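Here is a short briefing on a single protein chain. Look over the sequence and the model first, then read the points below.

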Amino acid sequence: MDQPLGGLTAFVRTADLGSFVAAGRALGLSASAVGKAVTALEQQLGVRLFQRSTRSLRLTEEGRLFHERCRRILDDLEDAQASLAQAVATPRGRLRVSVPLVSYHLILPILPEFVNLYPEVELDLDFNDRIVDLIEEGVDVAIRSGTLPDSRLMSRALRPFQLLLCAAPAYLEKYGTPDCPRDLQGHQSVRFRFPNSGKLQPWPLSLTADHPEIRTRTVLTCNNMEALRGATISGMGIGCMPDFLARDPLADGRLRTVLDAHIDAPGQFHLLWPSNRHLSPKVRVLVDFLSEKLFSDRCESYAKDTAALPSPRH
């Protein structure tokens, strides 16, 4: 048995199992070989690690302290070896991913590249807006916005987004374009209701102290952002939606933004995955891929494209 790791392993196994015979059985060695490795380690350290008798084998005080440190060292070594094996392993298998309904505009265009890079990974996408329990439901990765309360999860920030207030040109011609939040009084609104809490989504307006609340006439409430966009495009009222969802109808003139100077509600998407000790190859490559494709460079490009859109008020 090679030193020093061989001696450390023999010592830790013996301390764990209580005898050279049991340690040898676990290591695939003879009891004599284990005993010699432990004796050599004691000679090297100049400290007796075990009190030996014909009937028992127990740790000395020095041996007990040394065992605690060696156990951590071997655990870390085992963890490093497992991590290396995972890193070089081929990503494969079914990968369950939970994403918000509205995020398919961001996700679907980049997935063909991922499939080409990792053909042995089978993506199982669940588009829904409820908060899933990744651990209980066996979900590998989730994309969510908002607060991240679950300490059992690891997270990584993706692209930021901005909420916008939008309306159809025909609606604005009929009801007028609001110039300040106070002008929203009397306007019609299309509102989003969060599926989990049942609460209405607040509009992202910076309000002064003397106007803490703006009341509009709600003509439609729904829990699907696509439906909200469709109702807004049809001219039912003013709707609030993320910038990436509004981008195409803003570009082709079906929607216009309102009250841009009074909006202050940056949002953030996060990748979430269970904090397992060893990250599987399939999860690792997806997390890295989405972080690269949906992170800063893409966000900057998106922001420039959005800024280049025709002015919504002309």
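pLDDT is the predictor's confidence in each residue, on a scale from 0 to 100. This is a predicted model, in which local features need pLDDT of at least 70, side-chain atom pairs count only at pLDDT 80 or more, and totals for chains, interfaces and linings use all residues. Residues are numbered from 1 along each chain as its sequence is written, and side-chain values use heavy atoms, with hydrogens and water left out. The mean pLDDT of the protein chain is 84. Of its residues, 86% reach 70 or more.

**Overall build**

- The protein chain has 12 helices and 11 strands. Both are DSSP runs numbered from the N terminus: helices are H or I with at least four residues, strands are E with at least two.
- Of the 314 residues, 38% count as buried. Buried means under 20% relative accessible area, exposed means over 50%, and partly exposed lies in between (1.4 Å probe, protein chains only).
- The accessible surface comes to about 17200 Å², and 52% of it belongs to carbon and sulfur atoms. These areas come from the Shrake-Rupley method with a 1.4 Å probe; for residues, only the protein chains shown count as cover.
- Take the contacts between residues at least 6 apart in sequence: 75% of them join residues at least 24 apart. Contact means heavy atoms within 4.5 Å.

**Nonpolar cores**

- A nonpolar core is a set of buried Ala, Val, Leu, Ile, Met, Phe, Trp, Tyr and Cys residues joined through side-chain atoms within 4.5 Å.
- The largest core holds 53 residues. Val141, Ile143, Leu165, Ile238, Met241, Leu271 and Leu290 touch the most other members.
- Strand β6 (residues 153-167) gives the largest share of this core, with 7 residues.
- A second, separate core has 15 residues, including Leu8, Leu49, Cys70 and Leu74.
- Beyond four places in sequence, Met241 contacts Gln162, Leu163, Leu164, Cys166, Met225, Leu228, Arg229, Thr232, Ala246 and Leu255.
- In soluble globular proteins, nonpolar side chains tend to be buried together.

- Phe161 lies in β6. At 12% relative accessibility, Phe161 is buried.
- Phe161 and Phe269 are 108 residues apart in sequence, yet their C-alpha atoms are 7.8 Å apart in space.
- Gln188 sits in strand β7 (residues 188-192). Its relative accessibility is 11%, so Gln188 counts as buried.
- A polar atom of the Gln188 side chain lies 2.8 Å from the backbone oxygen of Met236.
- Leaving aside neighbours within four places in sequence, Gln188 contacts Tyr171, Tyr175, Arg217, Val219, Met236, Gly237 and Ile238.

- Helix α11 (residues 281-293) has 13 residues and reaches 18 Å from its first C-alpha to its last. That is close to the 18 Å expected at 1.5 Å a residue. The expected span is 1.5 Å times one less than the number of residues.
- In α11, 10 of the 13 residues are buried, so the helix is largely enclosed by the rest of the structure. Among them are Val283, Val285, Leu286, Phe289 and Leu290.
- In helix α10 (residues 243-251), the buried residues are Asp243, Phe244, Leu245, Ala246, Pro249 and Leu250.
- Gly253 follows α10 and has a positive phi, near 90°.

**Loops**

- Asn128 is in the loop between β4 (121-127) and α7 (134-137). Asn128 is buried, at 11% relative accessible area.
- The Asn128 side chain makes polar contacts with the side chains of Asp126, at 2.6 Å, and Arg144, at 3.5 Å. A polar contact is a pair of N or O atoms within 3.5 Å; within protein, one must be able to donate a hydrogen and the other to accept it, and residues adjacent in sequence count only if both atoms are side-chain atoms.
- Not counting residues up to four places away, Asn128 touches Ser98, Val99, Pro100, Leu101 and Arg144.
- Ser53 lies in the loop between β1 (50-52) and β2 (57-59). At 43% relative accessibility, Ser53 is partly exposed. Its side chain makes a 3.0 Å polar contact with the side chain of Ser56.
- Leu259 is in the loop between β10 (256-257) and β11 (266-274). Leu259 is buried, at 1% relative accessible area. Its phi is positive, near 60°, in a residue other than glycine.

**Confidence limits**

- Over residues 296-314, pLDDT stays under 50. The model has 20 contacts beyond four places in sequence for these residues.
- Where pLDDT is low, the predicted coordinates should not be read in detail.
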